[in-house]
Amino acid sequence: ENLKAEIKERIASAEVSNINIENLDDISKPVVHQFDIRVPNYAQKTGKRLFVQPGFFEYGERSLFASAERKYDVYFRFPWSEKDDIEIELPKGFELDNADTPAATADRQGIGSAAYSIKHRTEAASAALLYERKFHFGGGNIVLFPSQSFPALKNMFDAFHKSDSHTITLRQK
């Protein structure tokens, strides 16, 4: 129910079903959420084109840091990683028009990175876009950032946000 509520908080029209959560009681393994979701009007339509943000889990999220300056140090409670595997069923009568992959982002010290992959499954019965996002932050257990390093930290998270918000285009056949 919490998962449904979290998704509906961002996208009110979302219909979530077939929820499966793995490894919730085993701290040595990553928690895995699997579910089906239907979101009417998720894509924006313009003429014969649809614009889709394949990074569903980042849809509607704002950049982490709004301010350009920071007085105090930034502390994250722990390092973390995320791996998203998203399959978007293409609407009948549409095909990929612009499905370039978002730019990967990483810092030289290995503190944080985001990498993406976009593939296309072309089976006539179920054409789909396959989107993968691999993100990690806090490499080397670096989670404390002095205020003077804030501009670099903000730039990194702004780059993550830009790639996470990447949009692709579908065109009507």
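Predicted model: local features only at pLDDT ≥ 70, side-chain atom pairs only at ≥ 80, totals over all residues.

**Entry 1: His166 and its surroundings.** I looked up His166 and its contacts (heavy atoms within 4.5 Å). Leaving aside neighbours within four places in sequence, I found His166 touching Val52, Gln53, Pro54, Asp100, Thr101 and Pro102. His166 sits in the loop between α2 (150-164) and β12. His166 has a relative accessible area of 16%, so I put it down as buried. My classes are buried under 20%, exposed over 50% and partly exposed in between, with a 1.4 Å probe and protein chains only.

Residues are numbered from 1 along each chain as its sequence is written, and side-chain values use heavy atoms, with hydrogens and water left out.

**Entry 2: the partners of β12.** Next I followed the chain into β12 (residues 168-172), which pairs antiparallel with β4 (residues 49-52) over four bridges. I count two strands as paired if DSSP finds at least two bridges between them. Leu50 has Leu170 of β12 as its bridge partner. β12 also runs antiparallel to β7 (residues 94-98), again with four bridges.

**Entry 3: the open sheet.** Which strands make up the open sheet, and in what order? I read four strands, β6-β10-β9-β8, with antiparallel pairing. β6 (80-89) and β8 (105-106) are at the edges with a single partner strand each, so one side of each has no neighbour in the sheet. Two bridges hold β8 against β9 (residues 112-121), and Thr105 has Ala114 as its bridge partner in β9.

Entry 4: I then checked salt bridges, meaning a side-chain nitrogen of Lys or Arg within 4 Å of a carboxyl oxygen of Asp or Glu. The count came to 15. Arg133 and Glu82 form one of them at 2.7 Å, N to O; the pair links β10 to β6 across 51 residues of chain. Arg133 is buried at 2%, whereas Glu82 is partly exposed at 30%.

Glu132 and Lys83 form another, at 3.3 Å, N to O. Glu132 is partly exposed at 23%, and Lys83 is partly exposed at 47%. Glu132 also bridges to Lys134, the closest N and O atoms being 3.9 Å apart. Lys134 is partly exposed at 43%. Shared partners join Glu58, Glu82, Asp84, Arg133 and Asp164 into one network.

Is Asp84 buried or exposed? It is buried, at 10% relative accessibility. Asp84 is in β6, and its contacts beyond four places in sequence are Phe57, Glu58, Tyr131, Glu132 and Arg133.

**Entry 5: aromatic rings.** I counted Phe, Tyr and Trp rings (the six-membered ring for Trp) as paired when their centres lie within 6.5 Å; planes under 30 degrees apart are stacked, over 60 edge-to-face and the rest tilted. The structure holds 17 such pairs. Phe76 and Phe145 are edge-to-face, 6.0 Å centre to centre with 85° between the planes. Phe76 is in the loop between β5 (74-75) and β6, and Phe145 is in β11 (residues 144-145), 69 residues apart. Phe76 is buried at 12%, and Phe145 is buried at 7%.

Trp80 and Phe135 have centres 5.8 Å apart and planes at 40°, so I logged the pair as tilted. Trp80 belongs to β6 and Phe135 to β10 (residues 128-137). Trp80 is partly exposed at 24%, whereas Phe135 is buried at 6%.
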